[in-house]
Amino acid sequence: MDAAVDAYAVLGIARDADAATMRAAYLRLARAYHPDKAAHADTHERIRLINAAYETLRDPALHAAYEVRRAAYLAQMDQTRAPRIADSVDVDALDVEGEGDTMRLTYPCRCGQQYLVTPAEIAQGQAYFGCSGCSEVIRLVYDRED
Ligand SMILES: [Zn+2]
């Protein structure tokens, strides 16, 4: 099974689906995409994927090996994907909480959590900050260009 493909999504099952649920999903799909019944142009590729997903997930050894490859694939995708910038925020627009050593600056995220920025990070000119509650990123703007 290609690590780029989500085998669970192919079968339309949850990650914690039991063997009976998995088998039922496979049989339903195998019938729906059987070459004798389905006339879709992509049926051949589809049934190949369905078979590969089921053969992989039902076999403990193949399943474990797939999970390792899948995790490595996803980790690599995370590293190569450029951060999605939700917002550019002027440094003056941050909310200030506390003072002295405990001072920190925050900016609200639309998910309800917030971005946390420390004075040390500002002193270093750090530009990108991740939200504490989701995967969004803001870019901090120090010198507004007009
Ligand atoms: Zn967020």
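Start by selecting the zinc ion. Its protein donors are the SG atoms of Cys 109, Cys 111, Cys 131 and Cys 134, lying 2.2 to 2.4 Å from the ion. Keep in mind that this is a predicted model. Which geometry does the site of the zinc ion have? It is tetrahedral, with angles of 104 to 113° among the four donor atoms. In sequence, the donor residues are spaced C-x1-C-x19-C-x2-C.

Are they buried or exposed? Cys 111 counts as partly exposed, at 39% relative accessibility. Cys 131 counts as buried, at 10%.

Next, select strands E3 (residues 104-108) and E4 (residues 114-117). The two strands run antiparallel, and four bridges join them. They form a hairpin with five residues between them. Click on Gly 112 in the turn: its phi is positive, about 105°.

Stay on E4 and show its side chains. In a regular strand, side chains alternate between the two faces of the sheet. Tyr 115 has a relative accessible area of 2%, so it counts as buried. Opposite Tyr 115 stands Tyr 107.

Move on to the aromatic rings. How many aromatic pairs does a search of the whole structure find? It finds two. Select Tyr 26 and Tyr 54. This pair is stacked, at 4.1 Å centre to centre with 10° between the planes. Tyr 26 lies in helix H2 and Tyr 54 in helix H3 (residues 43-58), so the pair ties together parts that are 28 residues apart in sequence. Both Tyr 26 and Tyr 54 are buried. Then go back to Tyr 107 and Tyr 115. Their ring centres are 6.4 Å apart and their planes are at 35°, so this pair is tilted.

One more ring to visit: Tyr 33. Arg 46 lies over its face, at 5.8 Å from the ring centre.

Finish by colouring the protein by confidence. The mean pLDDT is 86, and 90% of the residues reach 70 or more. Confidence is highest in helix H2 (residues 19-32), at a mean of 93, and lowest in helix H4 (residues 60-80), at 86.

Conventions:
Residues are numbered from 1 along each chain as its sequence is written. This is a predicted model: local features need pLDDT of at least 70, side-chain atom pairs count only at pLDDT 80 or more; totals for chains, interfaces and linings use all residues. Side-chain values use heavy atoms; hydrogens and water are left out. Buried means under 20% relative accessible area, exposed over 50%, partly exposed in between (1.4 Å probe, protein chains only). Two strands pair if DSSP finds at least two bridges between them. pLDDT is the predictor's confidence in each residue, from 0 to 100. Rings of Phe, Tyr and Trp (its six-membered ring) pair if their centres lie within 6.5 Å; planes under 30 degrees apart count as stacked, over 60 as edge-to-face and the rest as tilted. A charge sits over a ring if NZ of Lys or CZ of Arg is within 6 Å of the ring centre and within 35 degrees of the ring normal. Donors are N, O and S atoms within 2.8 Å of the metal (3.2 Å for Na, K and Ca); water is not among the atoms, so sites may look incomplete. Four donors count as tetrahedral if all angles lie between 85 and 135 degrees; four count as square planar and six as octahedral if opposite donors are over 155 degrees apart and all others between 65 and 115; anything else is irregular.
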